[in-house]
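Subject: Structure handover

Hello,

Here is the structure I said I would pass on. Please open it alongside this email.

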Amino acid sequence: MSFLEYRVKTAPTGLRKVLHLNWALVVLVSAVSAIGFLVLYSIAGGDVGLWAEPQMKRFGVGLVLMFGIAFVPIWFWRNIAGLCYGITILLLISVEFFGTVGMGAQRWIDIGPIRLQPSELMKVTLVMMLAAYYDWLDPKKVSRPLWVLVPILLVVFPTFLVVIQPNLGTSLMLLMGGAAVMFAAGVSLWYYGAVLALVVGAVTAVFTTRGTPWQFLHDYQYRRIDTFLDPAADPLGAGYNIMQAKIALGSGGWSGKGFMQGTQSRLNFLPEKHTDFIFTTLGEEFGFVGTLTLLVLYGLILFFIFSSAMQNKDRFSQLLILGIGANFFLYIAVNMSMVMGMAPVVGVPLPFLSYGGSVMLVLLIAIGLIQSAYVHRLR
Amino acid sequence: MRRNARDSEESARRVNRRALLMGGAFGAMFAVLGGRMRYLSVDQADEFRLLAEENRINMRLIPPERGLIQDRNGKLIAGNEQNYRVTITREDAGDVEAVLNRLSHLIPLTADDLERVKKDIDRNSPFVPVIVADRVAWGDFSKIALNTPTLPGVTPEVGLSRHYPLVEDFSHVVGYVGPVSEKDLAELTDPDPVLKIPKFQIGKVGVERWMEDTLRGSAGNKRIEVNAVGRVMRELERTEGKPGADIQLTIDADIQNFVQVRMADQSAACVVIDVNTGELIACTSAPGFDPNLFVRGISQRDYSTLMENDHRPLANKAVQGAYPPGSTFKIITALAALKAGVITPETTHYCPGYIEFGNRRFHCWKHGGHGTVNLTRSLEQSCDVFYYEVAQKVGIDAIAEMGKRMGLGVRHDLPMSAITDGIMPNKDWKQERWGQDWRIGDTINASIGQGYVLASPLQLAVMTARVATGRAVEPRLIKSIGGKPVEMPPPPSLELDGAALRAVQAGMDAVMNSERGTAKSSRIADETMLMAGKTGTSQVRNISAAERARGVTSNEDLPWNRRDHALFVGFAPLDAPRYAVAVVVEHGGGGSTVAAPIARDALLRALTGGIPPLDAYPAAQRGRIETDLNALKEKLRVTATPQTTRA
């Protein structure tokens, strides 16, 4: 069996595992979450119960979950990767029929007290599945067309299920997250070049034929794309949110207006101020100093994730950690680009800051997997 | 499946290379994000800070309190009345339906009212108060105030609205205010922002309009913090505005009221002027209307009633009405002739009852003629032929020059609406207006104030004041602004020959006080207040030959709107003139019988400062006049004590 590959004896056992956790990561994640509690408390106008407290509870549950996962040997997780992937796909299909739609068209199901968005869970299980696939595959075969097609199908199927929810942000992250694992696994750059050329060609074709009799899309579809790409063209509609977000960030200045002093958030000018746009409140109240601190913390988290991947010699662990790291990066990059007006608005939360149960739990589960790989790494 | 160690090492290195590439790309992206943060919060911070302030801070104007208008003694003519209204706020009311239902048991609310309120509530944000009832009676208002605990969201409010306590007495002089219209805004090059306040009112006619800038004052403002949906969070700063300045008119509200009542239901105008200062003491036009109707927004029915009335209540006949002055104009012809040296006070002419000119015959009003008359007799008996003869020698241009010198055919600048210039025709005027040469017949008509000559009661009053004093008296309406008296230099001399003035005054004395005077029945008997005057009866149209054949010979036989206008001008006391008066009664008939008694009573009222005492009248008339005065007293307005301070 494959777990024999690990020199089991070198891995710590029992409670000694606690000493071998990547504590830097735990501290950094807790620090970012603490900033999140502070901002949520401020946005609620000094009300702990509204957002900060539930968020703390979720963090607590997530932390327990993280330790639990970390204590389980990584090879166990590899062995059930396929199962996890399959279950998540089933959940995705079931929310299509039984799920609840709301809040930017995300679909969720209520499992007891937990409100679960399978699309968030999919980000992790997809990475697990792909890492397990490449662990199984002979590294020499990774760039062969047939063996490239298999992971592409593994990525595209859940992406399709999410895109019809419709949830554009998450489906884009699934695509990019999957591409990142394949990239790390060593799939030839030619494939990436080809896909890029294909996308550029398709986009050019769609837009150059606009206004001609053989245009690909209907006029209203073109207009929808226009507003999506340039919300400023519609300052009272789609552009309103992004303008208010920029005002909040910019008016914070160097050191911000001070804790609980943000006018944009307190007077409700900001949209989704406690979820996707929470970064703007941070910027308004703590200024450039605050936002840069957050960016540095995120950067450190990514650094520790990447270094733990590179210290690890196990292929599954490496790919899993890099895939999770890529997803973590994508959350940050897409969300910040969006609220700072550099990218169209798609619903992607900011990790550990945005109010929301699924994302918090899924992120901590992912960190748990990284810890498991770290504790049980080949030494 | 077990791989050899070399393969594993190799693939792990490969993954690490790829990981470094990814890490590098991610780091680059983080650098971009950091740069963007810096750009937004440091480089552009000032701009965004401004935008954030603009978002959150609104300016609201505080409408200024409009200046009061008072009479010369401080009696209130136009004030600001507390206006009680009831509003409802949806978010405080909870169940709007139930609250409105309870409210409709307390105050009268029609189904239409309720419908409108519900519509307004649906249209507005939940925190916007919607007016349920405006101008609520005090009783209803206090009922609501008592019941507020059971009426959540209902607020009784007090606002200010313009009020005219003297109702129709000053409807023409002071006018009224109304909501700002698109037209009002279009006429202004730089409209005061306060005009855009909903329900703000500005002067529409009269003093209210022409002194608008003085009365309006300037708006204060407050800076308030609002949230994204416009709810007011708190007030940050407040600058009080400046209330409009109070204006005191020269008019005496009691005299104005007396004259207005005295004219009863005639279509008439009366102007009383202080001959020494030009101050208008009364300036009335009957019938009047209730300006308060316009403040509230006049109903279509009330408006058409006013429009359809053939006595034209909306017209300010005192300054706007242009009438042929009739025989009152003989004063001008006489002065022009004396100045030109065509006649002396002793020159006589023979009146056979008409003169022939070419193939036309111009009649004197008296069929048999007046025989030989001099200037005094000609005024006393209003002989037309004397003036026909004299005017031909003087010429129209000299008469027109004298008319303008005495204040006819020129616009007197007062803060009132639609002030007419009148017409003081001369040869050039006719050429310009009608493209025709002036004929001698035109001069003959003009000499007795018929034909082209038109004058307003105001102009006739000014003329009379100038005759009484020999000074270029200018009428004025504003006594003080904001407590500061409006200074006017004493009127300059008219540079008229004293003998000529005295001759005309003597004629006017004879009109009232001699045995054959046309207005002797309206004389004042009190030696200290003797009155001088001149009657006038101006034809609206000639009685046609056909009517004559049907037996129509006098006014009473004609329909009202074709009867003659009755005019009278006069001043008193004779030896030391104080007040001049001009009265026009439209289609009233004879000046001596209809207009002169009104003028006499107006002068007596102004001179005595109260209801005219009976002994001022000739003994024979006292019985009849006592009854009339008693009847009149019943109708006088009882005004409150003078109000000099703001409510």
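Below is what was found in it, starting with the ground rules.

This is a predicted model, where local features need pLDDT of at least 70 and side-chain atom pairs count only at pLDDT 80 or more, while totals for chains, interfaces and linings use all residues. Residues are numbered from 1 along each chain as its sequence is written, chains are lettered from A and ligands numbered from 1 in the order in which they are written, and side-chain values use heavy atoms, with hydrogens and water left out.

The interface

Chain B touches chain A with 41 residues, and 58 residues of chain A touch back. Contact here means heavy atoms within 4.5 Å. The buried area is about 4200 Å², and carbon and sulfur atoms give 69% of that. Buried area is the accessible area (1.4 Å probe) that two parts lose on being put together, summed over both.

Six residue pairs are in polar contact between the two chains, both residues at pLDDT 80 or more. A polar contact is a pair of N or O atoms within 3.5 Å; within protein, one must be able to donate a hydrogen and the other to accept it, and residues adjacent in sequence count only if both atoms are side-chain atoms. Salt bridges across this interface number zero. The rule for those is a side-chain nitrogen of Lys or Arg within 4 Å of a carboxyl oxygen of Asp or Glu.

On the side of chain B that touches chain A, the elements giving two or more residues are α1 (5-43), α2 (45-56), β8 (220-226) and β9 (232-239) of chain B. Helices (H or I, at least four residues) and strands (E, at least two) are DSSP runs, numbered from the N terminus. α1(B) gives the most, with 25 residues.

Salt bridges

The whole structure holds 36 salt bridges over all chains.

- B:E53 and B:R56 meet at 3.1 Å, N to O. Both lie in helix α2 of chain B, three residues apart, about one turn of the helix. B:E53 is partly exposed at 33%, and B:R56 is buried at 11%.
- B:D169 and B:R637 meet at 3.4 Å, N to O. B:D169 is in the loop between β5 (154-163) and β6 (177-179) of chain B, and B:R637 in the segment after α24 (622-635) of chain B, so the pair ties together parts 468 residues apart in sequence. B:D169 is buried at 3%; B:R637 is partly exposed at 26%.
- B:K330 and B:D384 have their closest N and O atoms 2.6 Å apart. B:K330 lies in α14 (330-340) of chain B and B:D384 in α16 (384-394) of chain B, so this pair ties together parts 54 residues apart in sequence. B:K330 is buried at 0%, and B:D384 is buried at 7%.

There is also a network of salt bridges linking B:R66, B:R162, B:E208, B:E212 and B:R216.

Other spots

Strand β19 (532-538) of chain B has six of its seven residues buried. β19(B) pairs with β20 (565-572) of chain B in the antiparallel sense over seven bridges; two strands pair if DSSP finds at least two bridges between them. B:G533 has B:G570 as its bridge partner in β20(B).

In chain A, A:R78 sits in helix α3 (74-79). A:R78 is buried at 7%. Its side chain makes a polar contact with that of A:D135 at 2.8 Å.

Best wishes

Note on methods
Buried < 20%, exposed > 50% of the residue type's maximum accessible area, 1.4 Å probe, protein only.
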